[in-house]
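Please look over the model below.

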Amino acid sequence: MRKHLLSIDDLSVDDVTTLFTTAAEMHDVQHRQVKKLPALRGRTIINLFFEDSTRTRSSFEIAGKWLSADTINIAAKGSSASKGESLRDTVLTIAAMGVDALVVRHPASGAALQVSQWVDASVVNAGDGTHEHPSQALLDAYTLQRRFGGPGSLAGRHVAIVGDLTHSRVFRSNVLLLTMLGAEVTVVAPPTLMPSGVGSWSREVGFATSYDLDEVLPKADAVMMLRVQRERMSGGYFPSAREYTVGYGLTRDRLRVLGPDVPICHPGPMNRGLEIAADAADAAQSAVLEQVSAGVAIRMAILYHLLAGEETP
Amino acid sequence: MSDTILVKGASLYGATTADLLLRDGVLAEVGPGLSDAGARVVDADGLVALPGLVDLHTHLREPGREDAETILTGSQAAAVGGFTAVLAMANTSPVTDTAEAAERVLDLGRAAGLVDVHPVGAVTRGLGGEELAELGLMHRSRARVTVFSDDGRCVADPRVMRRALEYVKAFGGVVSQHSQDPSLAGPTSCCHEGELSGRLGLPGWPGVAEEVIVARDVMLARHTGSRVHVAHASTAGTVEVLRWAKAQGIDVTAEVTPHHLLLTTDLLAGYDPTFKVNPPLRPQEDVDALRAALADGTIDAVATDHAPHARHDKEHAFVDAAFGMLGLETALPVVASVMVDSGLMTWTDVARVMSSTPAAIAGLEGQGRPLEVGQPANFVLVDPAAPLTVDRDASVSLSRNNPWHGRTLGASVVATFLRGVPTVLDGALV
Amino acid sequence: MSAPPQEPPATSAAADAPEGRVVLDARDIARALTRIAHELLERNKGAGDLVLLGIPSRGVPLAHRIAARIKEVEGVEVPVGALDVTMYRDDLRRHPARSPHPTAVPPGGVDGRTVVLVDDVLYSGRTVRSALDAMNDLGRPDVVRLAVLVDRGHRELPIRADHVGKNLPSARTERVMVRLEELDGIEGVWIR
């Protein structure tokens, strides 16, 4: 792995294998009485969050703490741009405190990459706007791989990613990672929520697109539902919540179409009743809580591999 | 007045070699083998002489953001780029929407004395898009404002645009429109809408948001019998609309920026705000269409949209950073690369699109005149054999948002003369 | 770059013997492990409460072999596990980060037991120190002992082995290479 984790594009298949191997060991640590490894003792990790996030922030925080790093959260919401401070100034000020890693969440696409160009510390992208969320994709793929039977088992599996693709960093990271690991990915959304230029992009990366969830579901080996923000309705992306659910929600009826072993993933937080019915969210095949637990293991693996080894020049 | 200067051996428009004798601010003599008696001699052997460049679209930031640029430093950058006149956009703070504000810009330009600085007046009060600014009073002022623009914002309301077009007919004014339908490309839209914006997750700025406004405006110009100018045309679709409108005899002119003639949207892949500009950089197909349109006259002029920004205004996340890039010092070298070196245009054509036509569009007297005896001695000497490698730190602009940094461009500006007085010699301010 | 996990090499590819002088062949190793097994039983007064924890990678098969010998002698199945020390090493920052090996604590844990740490080579003592730290996070044994196949000297910490297959005087510049059938497809100890 390189010094930073900004995009799935930063990773090779070997890197992913390494992360998953480490994550599997970290997963075991979660079930120990003493959930602490000394690997990052003396290292300082700052979770620099310019956007609210309970789940990702606490997941990174626990991961850092279980590796014995000093982990500090800074909520920089209410962007300092409004106070006249540039992002660069904000970040340099924090980095100057002597930081080994910055875990950055920012509402603007590309922000983590920009930050990595300004600081000496390792930078982990914890979600940048509608661009990428690589640790989420890693935990999703790791969860699915465990469900499917371990290393290599994603190859040839059909994964459907459904929902607001335009505004989803989870989709962007996942489609890159899942195709890298050999999965057959079909992304499903109404045309208004398909990212612009998805046609040529999908051909290049090697995934399929569809407007018809009912055509895709029967052949899916896994389903990943994305959060749909109700605000999108005012942007005219779809007419009503009801119409969205009928077209693209994982409803009780659609749940029946899925095989009982087909994992259902959701990055959270879920809009129950909109993109996912309660029956689907709570179904035995739902992987939602596994995702959360895998999240800590994956983030431990990420932090360990970025920070534990020799200093990258 | 000025000294008598003899410019020896210049290639006029890259075609015929002649000497130019400058006296009392005008071209006193033009021809081969002129006597240098009593004159200071400037050797122009191998240099192309063109009429002084006129920029229809410059942001000088004064008043309000003197940390980014002042009328003096912007004038310096203009002179270094071979310009003898610039139109200073109205989106300053305060906005140039009154006669007093316009006269102040004019006076600061005169005080700098390096190029003719003509204020552009706002179309609407405070660039608010609702009420017309005092267009007539600005025109009647000492600044003789003729070009009006809310640039930075589109005059989006068709009723307001219609009234503005009608109103300026009274004194031969022109509205320069920043064509951006705000519903199709909002304030956060910052990347050409296409595969790249989809991949990068950046808010898309689709070409159609420009094209629908251009189409609307040419129809409004036809309906009102007025004249409209399309600022920074950036798409092939805009070119199609312009071509059609001109074929109908509609009174429309258009400009293209140097950056839209060369830089493409893929430069945004690294999220470097240096490449954030409005309208955004477009794909190669659009660039090719813009070059062809400039060559065949569908697009009338090159204008820089020189948009200096203080460093900290660019050091934000991409969507939060300021729009705009520097352009005055590099405009001619870019056009030389893209249009002349490629064989699409001659130097005479360059003189047309960068000097005479923009001067005519803005109604400037004494600018954009041919290199003939009796004309004002406003001209630029260009070395087509000396490529310019751009170093942003060598810029005389106060700002460093220079997308050309590190690039080598086709020609360099050696000297600029404003009414017989050199403002730039040997590539440096006098 | 992080190193890929240290998977055992494929048998066929790794069957080449390392260069250098053979100091223990397969039969020597077998004899040494048998002796260690006997010493352990003698010292512990039987197999009761014993737990063998191999330190990956080569300590793990060695621990299993010792357990097998104990079973031959006593007829008792001694629990065997693995104790990875990667994250506890004090030289983590001198190398690219390595993926940890599995840690497997046998059912029954280590609390109150006599844990025998098993490794192939004892050198500086730093691995054993890491193992003691790792053990701390797993539980509290009554007694911890150390068994190694080879002790090559040059200790940097106050650590000694309780059971040694062979004491091998070596120079710091020399390399000691242990190869085991289970992982390497070849068996022996070489020095170079």
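The report below goes from chain contacts to sheets and then to a pair of helices.

## Model and chain contacts

This is a predicted model. There are 2 pairs of chains in contact, and chains A and B share the most contacts. Chain B and chain C are not joined by any contact. Their closest C-alpha atoms lie 23 Å apart.

Chain C does touch chain A. The contact takes 19 residues from chain A and 18 residues from chain C. On the chain C side, 10 residues are nonpolar, 4 are polar and 4 are charged.

## The parallel sheet of chain B

Chain B holds an open sheet of 3 strands, in the order β6-β7-β8. The pairing is parallel. At the edges are β6 (53–58) and β8 (116–119) of chain B, and each pairs on one side only. From one strand to the next, the twist averages 20°.

Strand β7 (residues 83–88) of chain B is joined to β8(B) by 4 bridges. The two strands run parallel. In this pairing, B:A85 stands opposite B:D116 of β8(B).

## Helices on that sheet

Helix α2 (residues 99–112) of chain B packs on the sheet. It touches β7 and β8 of chain B. The direction of α2 makes about 170° with that of β8(B).

Helix α12 (residues 347–362) of chain B packs on the sheet too. It touches β6, β7 and β8 of chain B. The direction of this helix makes about 55° with that of β6(B).

## A covered strand in chain B

Is strand β10 (residues 174–177) of chain B covered or uncovered on its faces? Both faces are covered. In a regular strand the side chains alternate between the two faces of the sheet. In β10(B), B:V174 and B:S176 lie on one side. B:V175 and B:Q177 lie on the other. All of these residues are buried.

Strand β9 (residues 147–148) of chain B is joined to β10(B) by 2 bridges, and the pair runs parallel. B:F148 has B:V175 as its bridge partner in β10(B). B:V175 is one of the buried residues of that strand.

## The antiparallel sheet of chain C

Chain C has an open sheet of 3 strands in the order β1-β8-β7. Here the pairing is antiparallel. β1 (21–24) and β7 (176–179) of chain C each have a single partner strand, so one side of each is left without a neighbour in the sheet. Neighbouring strands are turned by 30° against each other on average, direction ignored.

Strand β8 (residues 188–191) of chain C is joined to β7(C) by 4 bridges. These strands run antiparallel. C:V178 stands opposite C:V189 in β8(C).

## A helix pair in chain A

Helix α5 (residues 134–148) of chain A packs with helix α12 (residues 288–307) of chain A. Their axes are 8 Å apart, and the angle is about 120°. That angle makes α5(A) oblique to α12(A). The crossing of α5(A) and α12(A) is right-handed.

Which residues of α5(A) and α12(A) make the contact? From α5(A) come A:S135, A:L138, A:L139, A:D140, A:Y142 and A:T143. From α12(A) come A:E290, A:Q291, A:A294, A:G295, A:I298, A:R299 and A:I302. By class, this contact has 6 nonpolar, 4 polar and 3 charged residues.

How values were computed. Residues are numbered from 1 along each chain as its sequence is written. Chains are lettered from A and ligands numbered from 1 in the order in which they are written. This is a predicted model: local features need pLDDT of at least 70, side-chain atom pairs count only at pLDDT 80 or more; totals for chains, interfaces and linings use all residues. Axes are lines fitted to C-alpha atoms, for helices over the stretch in contact, and angles run from 0 to 180 degrees between N-to-C directions. Angles under 35 degrees count as roughly parallel, over 145 as roughly antiparallel, 65 to 115 as roughly perpendicular and the rest as oblique. A crossing is left-handed if the near helix is turned anticlockwise from the far one by less than a right angle, and right-handed if clockwise. Two residues are in contact if their C-beta atoms, placed from the backbone, lie within 7 Å. Ala, Val, Leu, Ile, Met, Phe, Trp, Tyr, Cys and Pro count as nonpolar, Asp, Glu, Lys and Arg as charged, and the others, Gly among them, as polar. Two strands pair if DSSP finds at least two bridges between them. A residue is buried if 20 or more other C-beta atoms lie within 10 Å of its own, exposed if 12 or fewer, and partly exposed in between; C-beta atoms are placed from the backbone.
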